[in-house]
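Have a look at it first, then read on.

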Amino acid sequence: MAAALRGRAGGLAALWRLQSRRLSSFDVAVVGAGIVGLAAARELIQRHPSLAFAVLEKEQEPAHHQSGHNSGVIHSGIYYTPGSLKAKLCVQGAALCYKYCDQKGIPYNQCGKLIVAVEHDEIPRLKALYERGLQNNVPGLKLIGAKEIQEKEPFCRGLMALDSPYTGIVDYKQVAQSYARDFQEAGGTILTGFEVTNMEMAKESSPESEDGLKYPVIVRNKKGEEISCGHILTCAGLHSDRLCEISGCSPEPRIVPFRGDYLVLKPEKCYLVKGNIYPVPNPRFPFLGVHFTPRMDGSVWLGPNAVLAFKREGYRLLDFSTGDFLDAVSYSGLWKLVLRNVSYGLGELYRAFSLSAQLKQLQKFIPEVTTNDVLRGPSGVRAQALDSDGNLVDDFVFDGGTGNVGSRILHVRNAPSPAATSSLAIAAVIADEVERRFQL
């Protein structure tokens with residue numbers, strides 16, 4: 001009898017300890033407080049104000065990684081395949097971004113962009129880009145000649161340029177933090193310092209338990225704290241593939257991190273650049289090439305390059321994580337990509353270490369820029385989704401699983417650039433998918 005009582009007491013104590021680590025229960029938990037996760041959470045709580053929502057973020061603040069380490073450009077939608085979701089969301093998203101910033105008093109600068117051809121063989125590609133932009137309904141586009149280039153950018157040299165006056169700049173971290181405030185003011189909960197390590201069905205709740213039926217999924221963090229919820233939406237950026245594996249979903253596409261390093265013009269040289277100046281993109285590569293980007297603080301960034309990052313959150317040249325490195329180099333898809341682009345990859349790696357090599361590219365557009373005019377600046381890391389054949393995944397990927405847990409999770413595996421520009425439009429698409437899958 002005494003042994004039975006002790007056993008029951010021990011079981012109750014264990015249950016109390018478990019419940020004492022239970023932070024709360026929610027209808028939907030969103031994992032990842034980057035700009036896409038916050039925009040999606042905001043959209044969902046506005047659509048369903050009677051439901052309980054939480055955003056779980058492993059860092060101590062929202063927008064700590066990709067959303068806070070980017071060029072800050074509001075893209076107009078020129079580059080993307082006409083009729084594609086990416087093109088549609090960028091054009092819609094840019095309009096929504098400007099409108100939102102106006103409503104919230106968030107400063108931005110619609111400073112425009114020139115995509116400049118400096119070689120004759122780039123002109124046909126530039127004209128094709130113009131036609132693509134027209135098909136995408138990008139406002140205000142026009143082709144201009146060398147004289148008009150210098151009227152807009154006195155220090156820029158080029159044969160022809162595509163003028164995009166609708167392009168702008170903004171501080172996306174400020175935008176993301178505003179989304180977070182909207183979400184909280186609508187009744188949402190943001191839990192920072194909550195690094196998700198496990199998702200599973202609740203074991204202590206009986207099938208007859210009301211809570212067990214309503215909030216059957218347990219999400220646990222590294223500290224042993226947990227929440228219970230009905231459904232999970234993950235928008236985890238650089239860690240999206242790992243969260244998929246935790247939940248038992250497909251490990252592909254994998255995330256391979258690419259770091260982009262910027263230079264900055266010295267303050268006394270910022271007069272050289274008025275708006276965004278971009279090269280004509282090479283269709284063989286997914287990156288837009290080095291460009292001149294004015295910032296909301298008055299500085300001007302030059303770059304970025306694109307090199308494999310040896311750490312998923314490694315913003316310095318020599319940052320290294322053994323686990324992240326082994327994850328990348330053991331993936332066959334990466335080697336297939338590398339072998340197809342050896343010369344490009346070696347060139348980018350060389351330019352990462354050589355200031356003069358980076359300057360050589362920039363001087364094609366503004367010859368006056370010298371090594372004395374620039375300093376090494378910040379870096380960002382791009383979460384590039386890659387399939388096993390070495391193809392860069394360039395479209396949205398939603399994923400879920402089967403079984404008790406998998407059927408209650410929606411993973412946003414890939415929200416490709418320009419996700420920040422398109423965040424409010426993307427949020428509507430994600431919310432539609434959440435409603436369809438979870439029947440909210």
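Predicted model: local features only at pLDDT ≥ 70, side-chain atom pairs only at ≥ 80, totals over all residues.

## Helix H3 and its end

Numbering starts from 1 along each chain as its sequence is written, and side-chain values use heavy atoms, with hydrogens and water left out.

H3 itself covers residues 85–104, and its 20 residues reach 27 Å from first C-alpha to last, close to the 28 Å expected at 1.5 Å a residue (the expected span is 1.5 Å times one less than the number of residues). Helices (H or I, at least four residues) and strands (E, at least two) are DSSP runs, numbered from the N terminus.

Its buried residues include Leu-89, Val-91, Tyr-98 and Cys-101; buried means under 20% relative accessible area, exposed over 50%, and partly exposed in between (1.4 Å probe, protein chains only). Among the elements covering the buried residues of H3 are H2, helix H6 (172–185) and helix H14 (423–438).

## Glu-43 in H2

Glu-43 is found in helix H2 (residues 35–47). Glu-43 counts as buried because its relative accessible area is 18%. Leaving out residues up to four places away in sequence, Glu-43 touches Ala-427, Ala-428 and Ala-431 (contact means heavy atoms within 4.5 Å).

## Trp-335

Trp-335 belongs to helix H10. With a relative accessible area of 45%, Trp-335 is partly exposed.
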